[in-house]
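Have the structure open while you read.

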Amino acid sequence: MNTIVALATPTGRSGIGVIRLSGDDSLRITGELVADKTFGPTPRTAYLKQLHDRATGDVIDEAIVTYFKAPHSFTGEDVVEISCHGSPVLLRQVIEICLAQNARMADAGEFSLRALANGRMDLAEAEAIRDLIDAQTTASARQAVRQMRGELSQRLQPLKDDLLDVIVVLESALEFVEDDLPEVQAENVKKKLSAIANETTKLGVTFQAGRLIREGLKVALVGRPNVGKSSLFNALLGSDRAIVTDIAGTTRDQIHERFTIRDIPISLIDTAGLRETTDTIEGIGVERSRATMADADIVIVMLDASEEITDEDHEILDSVKDLNYIVALNKIDKTPSFDVDHIIAAENSRLGYLRPKITPLSAKTGEGLDDLREAIIKPFDPEDITHSGFLVTDARHHDLLIRTNSEIEQSLGQMEQKMSEEIVLIGLHNALRYLGEITGETTTEDMLTRIFSTFCIGK
Ligand SMILES: Nc1nc2c(ncn2[C@@H]2O[C@H](COP(=O)(O)OP(=O)(O)OP(=O)(O)O)[C@@H](O)[C@H]2O)c(=O)[nH]1
Ligand SMILES: [Mg+2]
């Protein structure tokens with residue numbers, strides 16, 4: 001394998017910048033850099049070394065050089081990590097010298113890809129490193145670490161073993177026995193298959209929470225103009241991000257911002273107030289609001305508690321009734337709570353489906369905001385997310401678990417109908433392949449390229 005080089009730390013000024021080399025020539029190239037052709041460091045020992053530009057004879061930096069001898073390195077190849085001072089100019093220069101010595105710039109994720117190829121980790125573990133680097137909350141970082149340490153792979157291994165056992169039984173029945181599989185054995189096989197199907201279902205179900213901690217919730221704020229959407233948007237973010245005025249139709253375009261509620265990332269979208277309008281720009285904004293609503297995980301419909309509920313409000317409430325929505329009753333600082341109760345009661349009797357979801361609040365004073373935060377994440381069972389066990393967080397893994405499950409269920413159905421082993425086996429082989437794709441044993445080259453292209457350079 002040729003030797004690759006990359007900056008392992010972010011570009012830009014920093015205290016330290018780490019350059020990483022991996023491949024057979026790593027040590028030779030480092031020898032050039034430290035102007036010592038016989039450089040033979042003890043593995044896993046830090047050396048303070050002067051780095052030289054041999055072309056000019058200049059000392060360009062003093063750096064800490066650490067050698068990881070194959071196969072005991074991240075990639076399983078000879079690896080050298082050079083911790084330079086974090087000057088972009090200097091780091092560029094060191095990389096140039098490595099390139100001149102026949103190293104090649106690493107592709108995105110190429111260090112991890114080599115680690116996978118050399119059996120240092122499986123695919124799910126490599127993906128977890130990427131997820132850990134990309135994690136936006138401590139909850140998703142925690143899940144990524146569990147997966148990185150092999151938890152998903154360990155959970156899948158017994159399923160793969162059992163599935164393989166079943167396949168062997170059925171294959172040999174096919175090879176050696178003229179008659180059908182003996183009844184006892186068939187029952188055994190079915191039991192095992194049901195257990196595997198159960199496990200894949202259980203794991204698959206955790207994706208709902210897993211997706212949430214990783215990708216978060218898309219929450220859209222809608223309502224007629226001037227009810228205080230942008231005010232609430234700002235209050236939830238804790239900054240004056242959106243323009244607020246008492247002119248109806250202030251917000252034209254949508255504004256997205258992120259924040260977290262109990263460690264769940266929330267992508268909040270402020271939208272243009274919904275109303276019939278002849279203004280072209282506002283009209284486009286209203287159109288976008290409607291599209292956003294349909295696409296959101298949760299819609300917050302805002303009403304103004306200081307005014308009568310209007311036909312426009314009712315129309316908006318009607319338009320969200322098939323969506324996941326909650327109602328924020330804003331401006332309660334303006335009206336005595338008696339009136340608020342009155343509005344809620346009137347609305348509840350008029351629109352039964354509203355009942356449990358109205359949150360009275362004031363974007364101005366902050367009253368009721370905590371209740372709203374809880375209401376937003378309530379349907380997603382945050383307790384589950386923050387305190388639960390292992391979660392599947394990757395859509396690819398979830399998809400493969402579902403496919404595994406449906407193949408096994410299909411094979412089980414075929415066994416019930418006493419179809420031939422040959423037919424039953426097709427689904428089981430598919431299921432085994434899908435499970436293998438999660439950990440990478442049966443993943444195609446194309447797929448690997450696609451997956452690793454989502455990694456960052458130097459990882
Ligand atoms: N008293 C009081 N006034 C509020 C509250 N929330 C918003 N307002 C006022 O209501 C007016 C409209 O607020 P915005 O946040 O711009 O309303 P909006 O729903 O975003 O309006 P559009 O962008 O036009 O759709 C402003 O004058 C705010 O100061 C509240 O809780 N109490
Ligand atoms: Mg607004």
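A nonpolar core here is a set of buried Ala, Val, Leu, Ile, Met, Phe, Trp, Tyr and Cys residues joined through side-chain atoms within 4.5 Å. Buried means under 20% relative accessible area, exposed means over 50%, and partly exposed is in between, using a 1.4 Å probe and protein chains only. Keep in mind that this is a predicted model, where local features need pLDDT of at least 70, side-chain atom pairs count only at pLDDT 80 or more, and totals for chains, interfaces and linings use all residues. Residues are numbered from 1 along each chain as its sequence is written, chains are lettered from A and ligands numbered from 1 in the order in which they are written, and side-chain values use heavy atoms, with hydrogens and water left out.

**Cores**

The largest nonpolar core holds 31 residues, and Leu156, Leu163, Leu193, Ile408 and Leu428 have the most contacts inside it. At least two residues each come from helix 6 (151-176), helix 7 (183-205), helix 15 (395-416) and helix 16 (421-439). Helix 6 gives the largest share, 8 residues. (Helices are DSSP runs of H or I with at least four residues, strands are runs of E with at least two, and both are numbered from the N terminus.)

Take Leu428 as a way in: leaving aside residues up to four places away in sequence, it touches Leu163, Val166, Ile167, Leu170, Leu193, Ile408 and Ser411, where contact means heavy atoms within 4.5 Å. There's also a second, separate core of 28 residues, with Leu217, Ile264, Met302 and Leu369 among them.

Helix 16 has 19 residues and spans 27 Å from first C-alpha to last, close to the 27 Å expected at 1.5 Å a residue; the expected span is 1.5 Å times one less than the number of residues. Just after helix 16, Gly440 takes a positive phi of about 100°.

**Ligands**

Which protein atoms are donors to the magnesium ion (ligand 2)? They're Ser230 (OG) and Thr251 (OG1), lying 2.0 Å from the ion. Donors are N, O and S atoms within 2.8 Å of the metal (3.2 Å for Na, K and Ca), and water is not among the atoms, so the site may look incomplete. The pair sits 21 residues apart, with Ser230 in helix 9 (229-237) and Thr251 in the loop between helix 9 and strand 8 (255-261). Both Ser230 and Thr251 are buried.

Ligand 1 has 23 residues around it, and Lys229, Ser231, Gly249, Thr251 and Asp333 come nearest; a residue counts as near if one of its heavy atoms lies within 4 Å.

| Side chain (N or O atom) | Ligand 1 atom | Distance |
|---|---|---|
| Lys229 | oxygen | 2.8 Å |
| Ser231 | oxygen | 2.6 Å |
| Asp333 | nitrogen | 2.8 Å |

Asp333 turns up again beside Ser362, which touches Asn330, Lys331, Ile332, Asp333 and Glu367, not counting residues up to four places away in sequence. Ser362 lies in the loop between strand 12 (358-360) and helix 13 (369-377). Is Ser362 buried or exposed? It's buried, with a relative accessible area of 0%.

A cis peptide bond joins Ala70 and Pro71, with omega about 0°; Pro71 is in the loop between strand 4 (58-68) and strand 5 (79-86). Asn226 isn't a glycine, yet has a positive phi of about 75°. Asn226 is in the loop between strand 7 (217-223) and helix 9, and counts as partly exposed at 32% relative accessibility.

Conventions:
Polar contact = N/O pair within 3.5 Å; in protein donor to acceptor, adjacent residues only side chain to side chain.
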